[in-house]
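Please open the structure in a viewer and follow the stops below in order.

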Amino acid sequence: MDLYPLLNSLRIALISSVITFFIGIFLAYYISKLNRFVRGILDVILTLPLVLPPTVIGFFILRLLSPRSAIGSFFLEKFSIRLVMNWYSAIFATVVVTFPLMYRIARSSFQNFDMNLKYVAQTLGKSNTWIFWRITLPNCKQGILAGLVLSFARALGEYGATSMVSGYTPNDTATISTTVYQLWRTGNDALAYRWVLVNVVISFTVLVVINMLEKKAVKD
């Protein structure tokens with residue numbers, strides 16, 4: 001059993017999770033402080049990928065990054081880098097797909113944060129940066145970690161947008177999801193079931209972790 005699809009899926013999921021973590025908490029923190037009207041508009045825009053079909057997301061990414069686009073042709077001509085149909089192309093897709101999960105959960109955590117802790121720190125002369133990293137983030141860690149784990153799981157199982165942006169090439173762009181589809185298409189059901197089982201085990205583990213984080217948050 002070739003483990004490349006698993007290793008590639010883990011690589012893509014880890015990188016995209018790190019990206020969505022920092023972008024997600026940054027936008028969630030500042031947007032949570034805006035007035036309701038502006039926050040509502042930005043919420044709709046930033047969470048739109050959550051309800052769009054993955055194939056539609058993949059289509060937009062292709063239009064944006066393909067060699068025929070301005071961005072894609074620039075990278076291809078200047079750096080000889082093709083932004084689509086590579087293993088790292090899937091990162092673009094998984095970041096777009098998983099970002100709304102991280103953003104929504106992080107924003108909810110920041111909105112439930114006890115602002116009195118921030119005010120006390122300000123009276124002690126602490127900077128906003130110090131307050132964010134030493135007080136706000138630690139007090140919101142359960143929700144943020146849950147968002148991170150959920151984003152990782154979603155990235156690991158992403159198929160629609162990933163298959164359009166990076167395609168399927170054994171030992172190059174293959175992921176667990178695209179491998180399952182290819183095995184089913186070629187009639188290799190036995191091996192397809194193995195990969196399905198791998199995905200189920202990982203997903204089950206992720207849900208257990210999320211439940212543990214939620215129980216810990218309730219106790220705290």
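Which residue lies over the face of W87? Select R11, which is found there at 3.6 Å from the ring centre; a charge sits over a ring if NZ of Lys or CZ of Arg is within 6 Å of the ring centre and within 35 degrees of the ring normal. Next, select K126, which lies over the face of W130 at 4.6 Å from the ring centre.

This is a predicted model, in which local features need pLDDT of at least 70 and side-chain atom pairs count only at pLDDT 80 or more, while totals for chains, interfaces and linings use all residues. Residues are numbered from 1 along each chain as its sequence is written, and side-chain values use heavy atoms, with hydrogens and water left out.

Proceed to the aromatic rings. The whole structure holds 15 aromatic pairs (rings of Phe, Tyr and Trp, the last by its six-membered ring, with centres within 6.5 Å; planes under 30 degrees apart are stacked, over 60 edge-to-face, the rest tilted). Select Y29 and Y30: their pair is edge-to-face, 5.2 Å centre to centre, with 80° between the planes. Y29 is buried, at 10% relative accessible area, whereas Y30 is partly exposed, at 43% (buried is under 20%, exposed over 50%, partly exposed in between, with a 1.4 Å probe and protein chains only).

Finally, select Y159 and Y181, a tilted pair with 5.8 Å centre to centre and 45° between the planes. Y159 is partly exposed at 31% relative accessibility, and Y181 is partly exposed at 35%.
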